Amino acid sequence: MASRANKMRPIRRPIMNREASEFEPCWILLRDALTDIHTKNAGRLSFEQLYRASYKIVLRKKGELLYDKVRTFEEEWFRDHIMPPISELITNTLVSVALFHPPASSMHERRQMSEKFLRGIRDSWEEHNMSMNMIADILMYLDRAYTAESKKPSIFATTIGLFRDHILRNSLGAVAQDFDQPYIVFDLLTAVTLDLINMERDGDIIDRSLLLKITSMLEDLYETDEEIDNQKLYTTIFEPKYIDNSRVFYRMECERLLRESNASTWLRHAQRRLNEEQDRCDTTLSISTADKIAKVVETELVSAKLDEFLALDGTGLKSMIDNDRIDDLTILYSLISRVDKTKHVLKNTLQTRVMELGLEIEQALKRTDFSAPVTVAGAADGDEAMEGGDKSKVQTLSAAAQQTAAAIKWVDDVLQLKDKFDTLWSTCFNQDLVLQSAVTKSFSEFINMFARSSEYVSLFIDDNLKRGIKGKTEDEVDIVLDKAIVLLRYLTDRDMFERYYQKHLARRLLHGKSEIHIEKEMVYRMKSEMGNHFTIKFEGMFKDMELSRDLTDNYRDHIRNLGDTDTRKVDLNINVLTTNNWPPEVMGRGSSQEEGAKMECIYPSAIKRLQESFFKYYLKDRSGRVLTWVSSAGTADIKCVFPKIPGKETGPLSKERRYELNVSTYGMIVLMLFNDLPVGESLGFEELQAKTNIPAPDLIRTLASLSVAPKARVLLKDPLTKNVKTTDKFSYNAQFVSKAIKIKAPTISNLSKVEGDDERKETEKKNDQTRAHVVDAAIVRIMKQRKQLTHTQLITEVITQLANRFKPEIPLIKKRIEDLLGREYLERVEGEASSYRYLA
Amino acid sequence: MAANRDEPSKYVTLISNDGFEFVLLREATVVSPTIKAMLRDGRQWREATTGRCEFPDISGAVLEKVVEYFQYWYKNRDKLDVPDMDIPVEICLELLVAADYLGLDSKPPLPSHGA
């Protein structure tokens, strides 16, 4: 080796010498310039001259020498001029305050000291950075020709890195000797910076731009001189510490809030913190941290104690919902959306709350004083019977109305609840679909848990159409109808509703209690909501009404043409009802009458004649039809004359009184009997029943309306009690006085009211029967199409088919399948455990 | 550009070793990293303050061609399919040296450090 090197020497030496001689003056020029740059005297220097000097050195292959010399020069400069002032800044107090937070240090003092230290670092960094940039510029050719080829870090990277190696990574020196851990200046810098940030979080004002300078310095410095992209000091050292520090800070803050504060404050606080941290990343730190720190706040401040906060009494989610705290809920929604995409907690609480409030409505109904008639109360829940028991005796008459009021109240309350949650949903929850379906589900659940919901909804519509509509504008009517439809949507047992609605609609139509075009509008809406099959019967009822009106008119014409005016002026207004469309109760086929009351009641002869005349007329065009008179559904207007009472010279009794009395058909029949009765005689209940053949319960009601209610007491009852008993006797009340000419006898049976429990069981029983048929039909329909199906498939199909009418119970379907097997509509497939085949 | 706000002149003067002066748009010269660093705002080199850059190693004939190139680059900097520049064979070598000196080789311009 040595000999070889010697061999080369003779050729190289002279060149080396020449080059060496040129190197010195150039280096001296550059060295002086470096000094000038550091002392900020560069203004007189010519860039071109310096650049040319380094250019020449590099051309002479002395790049390495220059590189090393510059490096050495900078290291020396650094040691002599830059480090001493920094070391001075690092005082004992600063170190102990920053790293160990002695309790004695005041915030103000700490901030002053910290900022002074940071300012020192910043100033020296800025100077260094500036100088290194200038030096890198004049040594540009060195980087281009030498550094890049020799795979060394650029001269800038090397010299800027001095700051990292000699300042940030310098140990704290003498002041930190007592500590067990080898702290470096970087630790101090981080600690101080984080301390300042925490001060700002606590509401202090700090020098944000100073901190920004420090963090951007950390972003400009890399772990090594290679300057690998993801190895910035900011990312490797500072950011993780910042995140840790923030985590601790927010964890403590969250716990403190939970201890000392309420959910409302917490929400606002968390939201403010999130904004603050975003802002801090924009102005003080680096944008790259924004997502990470947001995550920390979300985890520590929002998610960590979310359940606890929401469960807080008085301010938690429950009270937010109950008190419509729109702002709170809006914030809560935005926070929860951040931390949990499924919004699990919010969803569950909303659902529970809807259920609770829904059940509360039911409880409230029971508590409210709708003292029910004994029959109802006795059969209803125990406590209701206890409470309502005493009063029901006093207020029997208005009880039915009160019960109806309860139904209306229930519906109103439910609608109110619905409105409330709708408002929350649209204003606070950004119309979130997940939440909507959750809430809808809960509504549906509690509404259907309440056994009487179908009935109550129908009653609500009944009440509104009967009383409410008159005097309301189109829009108001619209709103009512809309509300009704909203509720309808929740009902699963729609066939129950159909049954009730049919009943109520029948009453309204027969007694002319509502306006036909609104009725039609309502039915039309139901049709578009639930489909055709749902409203077929209702539409049939409308049609019957129309046909009947024509029929009545035609019959009148017919009578007039006959010229037969002899019939004591009985004017007939008839409704011919198609059996299938109308509820059995109205048609007189109700089961309560089934036992003994198939027989017709005995009409007065005048009426009888009229009936025959009409029947003859009716069959003229429609031979083969059967008309049954439904006496329980009709009404009659009777003109009656009460003669002057002898001996009374003054007052209303002194004159002859004429009244027009509107009573039920039964009432008419009963009153006609008294027409023929001599004055002063009376008829017993049993006598009346024998003469009229009116079923006993109906007769009781009829007599009650004519002899008990003071408004229309045209009969006198003996004894004078409030209840009609089978032993009572009745006589003509010659002293009857009324201020009104037209009197409507209170028709007790006509009132739409909540059914008694027995009645309701009856309705349910009937409904179950209907359901059985509907299920039968569905099974046959499906099997006819599919020919062969397994048991499970069939059940699923049946449920799907019937979903918008009601929710069939599995045992019911099973029973129906058994039945159809028995009737040989289906057969089991041999060999396969549970499959059925359709038998044509 | 911040540079133009402080510097009243949009032009700079390039001076050759034999005293030829070429005045051209400052923006046209930034294609050379060397001149760019020389004139960089905030560094306060003599060239930046006076707006005059002397090149003791470059002759007038060569500098003229360099300036022509600056103009050529400036004019065509956003265009495609531009005509080639005419380079006289006599000054080829000298021009190459000057181009190297001015950092006008095909390498991408060096990253400028810091602010």
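Is A:Thr236 buried, exposed or partly exposed, and how many C-beta neighbours does A:Thr236 have inside 10 Å? I started my notebook with that. The model I am reading is a predicted one.

**Entry 1: A:Thr236**

I counted 13 C-beta neighbours inside 10 Å, so A:Thr236 goes down as partly exposed. I found A:Thr236 in helix α10 of chain A, which covers residues 233-260. Next I looked for its partners, leaving out residues up to four places away in sequence. A:Thr236 touches A:Glu223 and A:Gln231. I also took one distance. A:Tyr222 is 14 residues from A:Thr236 along the chain, and their C-alpha atoms are separated by 8.9 Å.

**Entry 2: the two chains**

I stepped back to the whole chains. Chain A has 840 residues, and 33% of them count as buried. I listed 33 helices and nine strands in chain A. Among its contacts with a separation of 6 or more, 70% are between residues 24 or more positions apart.

Chain B has 115 residues, with buried ones making up 27%. I noted six helices and three strands there.

**Entry 3: the cores**

I went to the largest nonpolar core next. It has 82 residues. Which of them touch the most other members? I wrote down A:Phe47, A:Leu50, A:Ile135, A:Ile138, A:Leu139, A:Leu142 and B:Met38.

Beyond its neighbours within four places in sequence, A:Leu139 is in contact with A:Ser54, A:Val70 and A:Ile155. Another core lies apart from the largest one. It has 71 residues, including A:Leu267, A:Ile321, A:Ile336 and A:Phe460. A background note for myself: nonpolar side chains tend to be buried together in soluble globular proteins.

**Entry 4: α5 against α7**

I stayed with α5(A) and looked at α7(A), residues 155-168. Their axes are 9 Å apart, and the packing angle is about 165°. An angle over 145 degrees counts as roughly antiparallel, so I put α5(A) and α7(A) down as roughly antiparallel. I recorded their crossing as right-handed.

Which residues meet here? From α5(A) I listed A:Trp125, A:His128, A:Asn129, A:Met132, A:Ile135 and A:Ala136. From α7(A) I listed A:Ile155, A:Phe156, A:Thr159, A:Ile160 and A:Phe163. By class, this contact has eight nonpolar residues, three polar ones and no charged ones. Two names were already in my notes.

**Entry 5: A:Leu194**

I found A:Leu194 in helix α8 of chain A, residues 185-201. Why is A:Leu194 partly exposed? A buried residue needs 20 or more other C-beta atoms within 10 Å. A:Leu194 has 19, so I logged it as partly exposed. Setting aside neighbours within four places in sequence, A:Leu194 is in contact with A:Lys241, A:Tyr242 and A:Asn245. I also checked A:Ile243. A:Leu194 and A:Ile243 are 49 residues apart in sequence and 10.0 Å apart, C-alpha to C-alpha.

I ended with backbone angles. Most residues other than glycine have a negative phi. I noted two residues with a positive value.

A:Lys61 has phi near 65°. I placed A:Lys61 in the loop between α2 and α3 (63-89) of chain A. With 13 C-beta neighbours inside 10 Å, A:Lys61 is partly exposed.

A:Gln431 has phi near 50°. I placed A:Gln431 in the loop between α19 (396-427) and α20 (433-449) of chain A. Is A:Gln431 buried or exposed? I counted 10 C-beta neighbours inside 10 Å, so A:Gln431 is exposed.

Terms used. Residues numbered from 1 in each chain as written. Chains lettered and ligands numbered in written order. Predicted model: local features only at pLDDT ≥ 70, side-chain atom pairs only at ≥ 80, totals over all residues. Helix = DSSP H or I, 4+ residues; strand = E, 2+ residues; numbered from the N terminus. Buried ≥ 20, exposed ≤ 12 C-beta atoms within 10 Å, placed from the backbone. Core = buried A, V, L, I, M, F, W, Y, C linked by C-beta atoms within 7 Å. Contact = placed C-beta atoms within 7 Å. Axes fitted to C-alpha atoms, helices over the stretch in contact; angles between N-to-C directions. Parallel < 35°, antiparallel > 145°, perpendicular 65-115°, else oblique. Left-handed = near helix turned anticlockwise from the far one by under 90°. Nonpolar A, V, L, I, M, F, W, Y, C, P; charged D, E, K, R; others polar.
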